[in-house]
Amino acid sequence: MAPARFSDSRRRLLQGIAGAAALGLLPRAIRARGDCPGAWPAWQVFAGQHIQPDGRVIDFSTPDRRSTSEAQAYALFFALVANDPARFDRLLGWTRDNLCGGRPDQHLPAWLWGHDVKRQAWQVLDANPASDADLWLAYALLEAGRLWHRPALAQSGRQVLRLVREQEIAELPGFGAMLLPGPQGFAGGGRWRLNPSYLPLQLLRRFAAVDPAGPWRGLAGRTPAMIARAAPAGFAPDWVVWNGKDFVADPDTHGVGSYDAIRVYLWAGMLPAAEPLRAPLLKALGGPLRMLERDGRFAEKIDTRDGRGQGTPSFGFAAALLPYLQAQGRPALLAAQRTAIPAPSAPVQGEPPYYARVLALFGTGWLEGRYRFAADGRLLPGWHTGCPAAG
């Protein structure tokens, strides 16, 4: 992805890790207008190709032309970063009407909606919610309510958190309360199946501030411990199982880290320097750094038990690693990964790559200073810290 236009001073900041760490965090009173990001071409392309006028986000790479609660929640976050309340409202309306059955106060969104070939109908294909989408939905609502001064949105975010508390939190004996990936199908027989990428610390910090009586502070404290114990070679797995005594490789995915796990590095890299768990988490996730230093490339699938990788990942992986490499203080590796990201308007073969573009929006959007997270989890979009709307 081509970088946005920057002032010379901003380019120098990006070239040095110390300066890069400060991007997007300057107080409003001293932030130079030339340091503000301009229009967001990547978001404009994504919205134009993946979001219908009614607010439905489509993954065209799937036969059922599916929409997921994850896609809707991510798009709500990006619309907030872009200061686009009209599109935010359409995205939210479609999500509530089609994934929540019109009752978002009572139902978490179904994770999968698309074309049912047997019935020749467009409908919910899997009603089991996905907790990562639920957390991002709650976060987008809370922060939209705060930043746009719309209390009803913030109240809706609290309602989502209430439903998550009631349906998706489980007590793991010998470890503590953790987030299940969904209400059904992830616990039983003395085993609990978890997904490390479902727990961004930034979001948990914000929830702890908004809902101090909830489980969020404890989840934040236990998440790095889970990741460290599940990543013996420094690579996060897609899935991990708690057997009552320890975290072990998931028998279904055999400890592989791939399209889910790439988000663990992304979330860790975007943590603010003031986050006390940032340093131990980055230390526990040293595998990608060592692989890039050794091989000059990342792998699509990694056996997290020994660190061996195979396959060539999409450009989304390179984008997801940008904040991680910046946090690890490796500007040369960061620059090399950035060359693997095409311009937003570059032609693609086949269907538009939904997931790669989502990862690119997160990674490059953060690197360009379009948003940051405060120590308490608050979203700090560029347009709210002395910059105009990204568009």
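How many cavities of 30 Å³ or more does a search of the whole structure find? I ran the search and noted 6.

**Entry 1: the model.** I am working with a predicted model, where local features need pLDDT of at least 70, side-chain atom pairs count only at pLDDT 80 or more, and totals for chains, interfaces and linings use all residues. Residues are numbered from 1 along each chain as its sequence is written, and side-chain values use heavy atoms, with hydrogens and water left out.

**Entry 2: confidence.** I looked up pLDDT, the predictor's confidence in each residue, from 0 to 100. The protein chain averages 90, and 89% of the residues score at least 70. Over residues 1–34 the pLDDT is below 50, yet this stretch has 63 contacts in the model beyond near neighbours in sequence (contact: heavy atoms within 4.5 Å). Where pLDDT is low, the predicted coordinates should not be read in detail.

**Entry 3: the largest cavity.** A cavity here is a set of points on a 1 Å grid over the protein atoms alone where a 1.4 Å probe fits but cannot get out; lining residues have an atom within 4 Å of a point. Grid points are joined across faces, edges and corners, and a volume is the space filled by probe spheres set on the points. I noted about 60 Å³ for the largest cavity. Its lining includes P196, Q202, T223, W267 and L281. By class I have 9 nonpolar, 2 polar and no charged residues (nonpolar: Ala, Val, Leu, Ile, Met, Phe, Trp, Tyr, Cys and Pro; charged: Asp, Glu, Lys and Arg; polar: the others, Gly among them). Helices α8 (201–210), α9 (216–230) and α10 (262–269) each supply at least two lining residues, and α10 gives the most, with 3. Helices (H or I, at least four residues) and strands (E, at least two) are DSSP runs, numbered from the N terminus.

**Entry 4: salt bridges.** I found 20 in the structure, each a side-chain nitrogen of Lys or Arg within 4 Å of a carboxyl oxygen of Asp or Glu. D250 and R193 meet in one of them, at 2.9 Å from N to O. D250 lies in the loop between β9 (247–249) and β10 (256–257) and R193 in strand β7 (residues 191–194), so the pair ties together parts 57 residues apart in sequence. Both D250 and R193 are buried (under 20% relative accessible area; exposed is over 50%, partly exposed in between; 1.4 Å probe, protein chains only). R378 bridges to D376 at 3.0 Å. R378 counts as partly exposed at 29% relative accessibility, as does D376 at 31%. I also noted a salt-bridge network linking E70, D132, D260 and R263.

Methods: 1 Å grid on protein atoms, 1.4 Å probe; cavity = no way out; pocket = protein on both sides within 12 Å on 5 of 7 lines; lining within 4 Å.
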